[in-house]
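Biologist: I would like to learn how to read helices in a model. Please take me through some features.

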Amino acid sequence: GSLIEFGQALDDQPLFISRMFYFTSDGKKVSGLMSMPKNANKAPVIILIRGFVDQTIYKTGIGSSHVGEELAKNGFLTLSPDFLGYGESASPSAIAIEERFETYTTVLNLLSSIKFLNQSLSFNNLPISVNPDNVGIWGHSNGGHIALSVLEISGSTYPTALWAPVSKPFPYSILYYTDEFGDLGRKLRKVVADFEKDYDVDKYSLTSYFDWINAPIILQQGGADEAVPLKWSDELYKTLKKIKKDVSYFTYPGEDHNFSQGHWSDLITKDIGFYQKNFQK
């Protein structure tokens, strides 16, 4: 972990404030968006992990800011990292596979930095304190993939909300999307093939370590999602239940990948209740 620093204010509303924040992950600067309630004492902290966004259109907060604002309105402080190569962050590894794995270590280092958060809030005269023992995770799409991996790697009990997570094994979890690339995935397939020459890919796949998960999970999925098929979350839920993990599952017929067909407020309401329940234990 590292000391968390705060930058410019991005939004100041009656119920919440949003600001840039910065921390260090394995010696590299990472930027992100913090949203926090006004005048809260011992607020829980939620790490927000967005899905894939093209670097050419990326701006800090894309894919997570709306969730962060709603959580902040309800008493949670949220931290959404940009990740290396995005926002004001340093460049990622030049090795494509290592760049992918750096997303996991970035979140793990951010989680380890929360113990310094009250010190940073006080230094910046922000009228709030957090409870560093009440920490949760929210992940959407590939962010859900990262969240599941972090739960496995850490073995921690962070209450975790997943929206349409990518839950298939590596490298299928990335090769599935190659039809969206300009070269139809030719470059990526070579990267994966070269990696497989030296490494057992099963050891790098989240599906090999579901039994390491110790956290309660709420899983939500749209029935008309074309980016993450419904059957993926159906299978994830069945697998986690079979190995007796604490998971609840909700589906929304007709909903798309970004839950823009009328159910978004239902998802965030369920998440808020889920976090409140788990932090009261």
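Biologist: Which residues of α6 are exposed?

Modeller: First, the basis. This is a predicted model, where local features need pLDDT of at least 70, side-chain atom pairs count only at pLDDT 80 or more, and totals for chains, interfaces and linings use all residues. Residues are numbered from 1 along each chain as its sequence is written, and side-chain values use heavy atoms, with hydrogens and water left out. Helices (H or I, at least four residues) and strands (E, at least two) are DSSP runs, numbered from the N terminus. Exposed means over 50% relative accessible area, buried under 20%, and partly exposed in between (1.4 Å probe, protein chains only). In α6, R186, K187, K190, K197 and D198 are exposed.

Biologist: Which residues of α6 are buried?

Modeller: An α-helix has 3.6 residues a turn, so residues three or four places apart point the same way. In α6 (residues 186-198), the buried ones are L188, V192 and F195. They lie on the same side of α6 because they cover an arc of only 60° around the axis, taken from the directions from the helix axis to the C-beta atoms.

Biologist: What do the buried residues of α6 pack against?

Modeller: They pack against α2 (96-113) and α5 (172-175); contact means heavy atoms within 4.5 Å.
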